[in-house]
Structure formats: structure tokens, C-alpha cells
Amino acid sequence: PRSTLFPYTTLFRSVAAVVGLVHLAAADRYGAFRNELYFIVCGRHPALGYVDQPPLVPLMAAASQFAGVHVWALRLPAAIAAVLLVPLTVALAQLLGASTRAAWLAAVAAASSPLLIAMTAAFSTSTFEPLDFTAIAYLIVRAAVRNEPKALWWAGAIAGLAFETKYGVLMWMAGLAVGIAFAGPRSLLRSRDAWIGAGIAALIALPNVAWQAVHGLPFLELVRNDNAGNLTGSPAAFTIDQIFSGNVLLGPLWITGIIAPFTLTRLKATR
């Protein structure tokens with residue numbers, strides 16, 4: 001099926017619209033979370049970086065409050081991220097050959113996962129991660145499946161912006177690179193366009209990396225001192241928590257998604 005980045009059919013627009021309406025209706029029903037207030041304060045002191053985070057979320061938070069403190073305006077970017085995730089997920093599903101029924105299921109899944117809803121209910125450094133990761137995956141699959149190597153340039157640009165939002169994209173990209181190295185298509189790692197994309201990502205990330213370096217890498221010091229509070233529980237407990245927070249009813253869907261590329265020949269390029 002023909003795949004576009006934002007497949008604006010009535011079906012998928014309706015799901016995205018519901019997501020947007022629910023988020024906007026609830027956006028100012030409760031006060032600002034303490035981290036949101038912290039982001040506003042940081043952003044009102046503009047910098048290329050901060051001790052515990054990159055600059056993009058604080059700067060956006062402060063910009064949203066230019067006409068006074070309005071929780072609704074603060075959470076508007078999060079609502080937009082939640083809405084955009086629906087058509088982007090559908091586009092990725094269609095790129096993999098999804099039928100209309102499967103695309104509908106993908107849209108509902110992206111709209112109804114409790115974890116995704118929670119990540120976009122308030123404005124945080126995690127808010128854009130689902131959207132960023134899905135966009136990068138979409139573009140890399142597009143490069144592999146449709147032979148559009150310059151999609152890797154755009155993947156690099158999004159990765160760079162994701163880095164300026166939260167450093168977690170480094171772990172995600174490392175896992176992706178290992179996955180491609182083991183499962184393929186390995187030609188992507190040798191591609192000139194992949195390295196151009198990596199260069200674009202590095203260029204966008206450079207200002208914050210330089211700020212961290214100049215200030216003695218305070219984020220790494222923070223991580224070293226805070227590991228006891230963040231790295232808790234066993235891998236099994238973490239997995240079980242993910243199943244429930246991602247909506248236990250959707251478990252069979254994403255488990256099938258993990259297995260399918262290794263069992264269906266037509267999905268081999270996306271392993």
C-alpha cells in the first residue's frame with residue numbers, strides 16, 4: 001500500500017482528534033507538576049544546557065509562559081506530540097504492509113497505551129521520546145524498504161533534536177545499531193547516507209555536548225550519584241511492569257511485532 005508520513009484518512013484523523021480533544025480537555029484540570037515548574041525556571045535562564053538535562057524542554061516551557069503562567073499552554077506541546085504519534089504509527093505500520101484493519105489497530109494502540117498517555121499528560125523531557133523514536137524508526141525503515149537513503153539524513157536530524165530534549169536517545173540509538181549489526185540490514189551501517197545522518201545528529205547535539213564539557217560533565221556526575229534511586233528492580237520485574245503500563249490487552253500486539261520479522265520473509269529487512 002502507498003505510505004505517506006501522515007496518512008490523513010478519515011479513520012486515522014478521527015482517532016488523532018479524539019486523542020487531541022481528551023488531552024486538551026484535561027490539560028488544565030490539575031496544577032503544574034513540580035518538574036514542569038522547574039523547567040519554566042530553568043528556561044527563564046537560557047543556556048545551551050543544564051546540570052541535569054539538555055536545553056530544549058526548559059526553553060519550550062519558558063516560551064509557553066510568555067503571557068503569564070498558564071498550565072494549558074505549558075501542556076500544549078505534549079498534546080501535539082500525543083496527536084502526531086497516531087498518524088506516524090499508522091504510517092510505519094503501512095510501510096510494513098499493514099492492511100486498513102491492521103492500521104486501525106495500530107492507531108488505537110498508539111492512542112490508548114496508558115504509558116504513552118502518561119508521558120504526554122504533562123510536559124517533561126520524556127514527552128517527545130515516543131514520537132522521536134517512532135519517527136527515527138519510520139525513516140530508517142523507509143531507507144531500508146523503499147530504498148530512500150536520504151531518509152537517513154532526516155533520521156539523524158530528529159536524533160539530534162531528540163538528544164537536545166533528553167539524553168535517553170543515545171541508549172535507544174545504541175540498541176538500534178546493535179540490532180542492525182546482528183539482524184541487518186548491515187548495509188545501512190556501511191551506507192554513506194547513514195554516516196551523513198550521524199554527522200547531522202552530532203552537529204545538532206554539539207552545542208549541548210560542548211556546554212557539558214565546559215562545565216565538567218555535570219550530568220554524568222549526577223547519574224553516578226543517583227543510580228541507587230533510578231536503577232532498581234530486576235529485569236523480570238521491569239518487563240512485567242512494561243506489560244501492564246503499556247496496556248496488558250496490547251501485550252499480544254507488540255509481542256507479535258517483535259517475533260514477526262523473524263518469522264515472515266516479507267519483514268526480513270526490518271528485523
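Before you start, note that the model is predicted: local features need pLDDT of at least 70, side-chain atom pairs count only at pLDDT 80 or more, and totals for chains, interfaces and linings use all residues. Residues are numbered from 1 along each chain as its sequence is written, and side-chain values use heavy atoms, with hydrogens and water left out.

**What to look for.** A salt bridge here is a side-chain nitrogen of Lys or Arg within 4 Å of a carboxyl oxygen of Asp or Glu. By this rule there are 5 salt bridges.

**Stop one.** Select arginine 75 and glutamate 36, whose side chains form a salt bridge at 2.8 Å, N to O. This pair links distant parts of the chain, 39 residues apart: arginine 75 sits in helix α4 (residues 71–95) and glutamate 36 in helix α2 (residues 34–43). Helices here are DSSP runs of H or I with at least four residues, numbered from the N terminus. Are arginine 75 and glutamate 36 buried or exposed? Both are buried (buried is under 20% relative accessible area, exposed over 50%, partly exposed in between, with a 1.4 Å probe and protein chains only).

**Stop two.** Now select Arg142, Arg146 and Glu148, which are linked in a network of salt bridges. Between glutamate 148 and arginine 146, the N to O distance is 3.6 Å. Glutamate 148 is partly exposed at 26%, and arginine 146 is partly exposed at 34%.

**Stop three.** Finish in helix α12 (residues 218–230), where glutamate 221 and arginine 224 lie 3 residues apart, about one turn of the helix. The closest N and O atoms of their salt bridge are 2.6 Å apart. Glutamate 221 counts as partly exposed because its relative accessibility is 36%, while arginine 224 counts as exposed because its value is 55%.

Key. Helices (H or I, at least four residues) and strands (E, at least two) are DSSP runs, numbered from the N terminus.
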